[in-house]
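Here is a short report for a reader new to this structure. Look at the sequence and the model, then read on.

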Amino acid sequence: MIGLNGRNFLSTLDFSPHEVRSLVQLALQLKRGETTVDLAGLVATLMFFAPSVRTRISCQSSLAKLGGTGIVVNPGSDAYALEIEDGVVMDGATAEHVKEVAPVVSRLCDWIGIRKSELVTQGSTTADVTTSYDELKADRFINAYAKHATVPVINLESNSFHPLQGLADMATMVEKLGEPKQRKYVLTWAWHPKSLPVATPHSQLLAAADLGMEVTVLRPPGYSLDAGVMAAAKDRVESLGGSLNETDDIEAAYRGADVVCAKSWGSLDYYGRFEDEPADKAHLRKEWVVDEPKMDLTGKGIFMHCLPVRRNIVVTDGVLDGPRSAVVDQAGNRLWTAGAVFAATRPEA
Amino acid sequence: MIGLNGRNFLSTLDFSPHEVRSLVQLALQLKRGETTVDLAGLVATLMFFAPSVRTRISCQSSLAKLGGTGIVVNPGSDAYALEIEDGVVMDGATAEHVKEVAPVVSRLCDWIGIRKSELVTQGSTTADVTTSYDELKADRFINAYAKHATVPVINLESNSFHPLQGLADMATMVEKLGEPKQRKYVLTWAWHPKSLPVATPHSQLLAAADLGMEVTVLRPPGYSLDAGVMAAAKDRVESLGGSLNETDDIEAAYRGADVVCAKSWGSLDYYGRFEDEPADKAHLRKEWVVDEPKMDLTGKGIFMHCLPVRRNIVVTDGVLDGPRSAVVDQAGNRLWTAGAVFAATRPEA
Amino acid sequence: MIGLNGRNFLSTLDFSPHEVRSLVQLALQLKRGETTVDLAGLVATLMFFAPSVRTRISCQSSLAKLGGTGIVVNPGSDAYALEIEDGVVMDGATAEHVKEVAPVVSRLCDWIGIRKSELVTQGSTTADVTTSYDELKADRFINAYAKHATVPVINLESNSFHPLQGLADMATMVEKLGEPKQRKYVLTWAWHPKSLPVATPHSQLLAAADLGMEVTVLRPPGYSLDAGVMAAAKDRVESLGGSLNETDDIEAAYRGADVVCAKSWGSLDYYGRFEDEPADKAHLRKEWVVDEPKMDLTGKGIFMHCLPVRRNIVVTDGVLDGPRSAVVDQAGNRLWTAGAVFAATRPEA
């Protein structure tokens, strides 16, 4: 087994591309039944400060299938207001400090999974975030928790990263392409009524980078991803003989692509004033949908999306229901990649 | 083991009476410890779009006792708005299509249980349903999910059926009566402040029918059950040498009954205007309660109810606390019948 | 194994001090790996009518680690309105009587855990309880449930007691002090913006008493604990050669203490009018915080708190982050004491 026991899994950037690919390899071995792992007696506490379907089921189910247990806690937004600042006189809304709760929960279980993303909300068409992107991207909550925990903390999606999604994308591309190295990957922005987080596209971009692909980020002007993540992806992909480019030329990007991965995200420029974005991006709706003419430019390229996806908004029925669509396999791989992360990071026996 | 592996369990009508009775037999064998089943490594996702106590605990507990795992998801009413129509441009409230989520959840687990009943609500005395009965009875959500899922979908209560309750009723009658065939069964309507769903009485009626009993539906004028369900029950019970009748003659129905099963339901005529029902049915309150004088007409008849039951409204303390009451055994059998359904439908090894 | 199979665990007062200490001993043996228990196939239903982090995770995790399963039900405040009175005509808010649901849930699982505390609320700074203390302390709900259940009922915190916390405190003092008998224990009241329940300090007081310590309850005038609990603690501790005293002399109480356990609670005099308490107790804020000068009076005394704790309100950063603090070990022992209770009370094989 790869030796990541006891390590946090907060971002794939905390691991070498080789270590990340080892996790993907372990996931595929578990899926094919080529290896087994026994997590009997081991328990993960999975805290969801934001809603989840796939992440929650894939984590609980993979733990159960490997003999362990996942306990889900839904703290809600206000029911569990934790303090993360030092030296505070706690006479306000926060009733507990992460300095206590993180080591305590660490005594009660073997992993702590945390989803805390200010932009993962439901039921509203505009995001209700007023914090700046620079503040959010620090992921202060999960990082404070990880600092004070004594068992591995697993990122179930933060503001900046969704590394379990990244691993599932990698596993899917290895399955579909064989050797993804230097194959052409396009991460295309898509129009969506709501301003969505950048955590998933960041981890998807890093997934393609860590496979050494020829990576293109296709997005309209004003929709660049985080500069630091782009720079890290470029470093990593170039060290593996691949490349990273950014463009708004749709036709050029699709031409010859092996993989088209679609994802919508809110512009970093609109954090704190997302109510303005829908009107300003309305003109992008028509041109940015993934449809069959665009996919025809790729040759035999596959279509990927993290789900949930809005049909005929992000992608047409024709593409999603057609033979190029890998989305069900991709989401199904969440089971095995989650299992691989729990298996690899578990405490040493 | 009976060979139902991989099949959905949406209604007992999808199975022959013989298959249904085989499930009941398996449940009683599991209860008596005469057979064992190993569900290790198998996981059910149990989605409750409506509240549940008994169904939820009996499913999770039976899975645990057989070595498997039940993951409960409470999607809420709006938090998980799924699209089920074809060809929709999804720029509205629905963020995901059942065409994706059903096959994806199928990859993550081994069964999908779904409770989705528009009339199972709490906290209001009138039901807040405005949809017509003809629309609701189609159970479009669970049927769409089952169509696109690739693992068995288990009905945890829909608008039309509650087949896990039906099986528990059957197991209880087999335990209490020995051979229920041609014994006298009465399903009696009861007054209740609220307009309740017909799913449970439908499945209870079918339970008695599939045991070949002499079945009477006792209800006030205007409270007939679904005509299609009645016709199917009649066909099935007659094929087994029993009978099905409907009446509003309380005394005649109770006389000599071996089983009195009480259940309230809202009149099919009031769907879409349930706010009118309480006043219109007020005159029925006194006459329709199950009390000791009525039970005395039966001889040694047992009293059944699916629970929860309102005391001294549906049934008197005297009956419920007396020796005729089978309600605790009946609800207790939910554990074993749920276990039997998971065991029988599980994927082939 | 200690022979408590099938017994409820509602309060440590229902057991002899010897039995209580046997549970603590079992917990420490489980923690040190000196004994093992197999709860395979056994299931606890854990009902939380009030929020929980530590209790919930420690119960579910300890069950999982011992091979069993904990099913969590969050009935909410109104979603599961149970009737507990006899003879009621149930045409109001309550839809089910504890006479049915308690024996039914008993058929579906092997233990029933219940947290029902009117004062455990969140999101408000004053408690919204209007019931008198004399009414609340009867714990009528959990006692009615225990009366009608046929499997052990485990108190996960009621209005009067939090016995799982008491056991964890005992285990921690045994670990830290070796033989706690006749060592000096101080339970000190602390100022807190909100009026908190007395369940935890009651069980903490009883924990020290059952270890035969020299026990002091340090509190301002008007903040005496329940007279019946104090009398019972006095009886028990004196039978073991210890003592129980009550004082408001802070310096005298701290001097030479081996253990300082801090806890805030609302005055019994303010039940039904808690909105008046914050102003009336404002003058206590400064004097009652646990700080380093006070702890220096103890010599080498350890600091305990059940958590969550408000920093620099109940206790200063210096004490909590210093070497005297036992709070993480104390909360961590919740895992093993919960496991010991499930193991000891489980049904006979």
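## A proline in a loop

Pro75(B) sits in the loop that joins β2 (69–73) and β3 (82–83) of chain B. The model is a predicted one. Is Pro75(B) buried or partly exposed? Pro75(B) counts as partly exposed, because it has 16 C-beta neighbours inside 10 Å. Burial would need 20 or more. Phe49(B) lies 26 residues from Pro75(B) in sequence. In space, their C-alpha atoms are 5.8 Å apart.

## How the chains are related

Now to the copies. Two copies of a chain are related by a rotation about an axis and a shift along it. Chain C is superposed on chain A by a rotation of 120° with 0.0 Å of shift along the axis, at an RMSD of 0.0 Å. That is the relation of a three-fold axis. For chain A on chain B, the rotation is 120°, the shift along its axis is 0.0 Å and the RMSD is 0.0 Å.

| Superposition | Rotation | Shift along axis | RMSD |
|---|---|---|---|
| chain C on chain A | 120° | 0.0 Å | 0.0 Å |
| chain A on chain B | 120° | 0.0 Å | 0.0 Å |

## Where chain C meets chain A

How many residues does the contact take from each of chain C and chain A? Chain C gives 26 residues and chain A gives 23 residues. On the side of chain C, α2 (54–65) and α13 (327–345) are the elements that give two or more residues. α2(C) gives the most to that side, with seven residues. By class, the side of chain C that touches chain A holds 13 nonpolar, seven polar and six charged residues.

Technical notes: Residues are numbered from 1 along each chain as its sequence is written. Chains are lettered from A and ligands numbered from 1 in the order in which they are written. This is a predicted model: local features need pLDDT of at least 70, side-chain atom pairs count only at pLDDT 80 or more; totals for chains, interfaces and linings use all residues. Copies are superposed by least squares on the C-alpha atoms of residues with pLDDT of at least 70 in both. Two residues are in contact if their C-beta atoms, placed from the backbone, lie within 7 Å. Helices (H or I, at least four residues) and strands (E, at least two) are DSSP runs, numbered from the N terminus. Ala, Val, Leu, Ile, Met, Phe, Trp, Tyr, Cys and Pro count as nonpolar, Asp, Glu, Lys and Arg as charged, and the others, Gly among them, as polar. A residue is buried if 20 or more other C-beta atoms lie within 10 Å of its own, exposed if 12 or fewer, and partly exposed in between; C-beta atoms are placed from the backbone.
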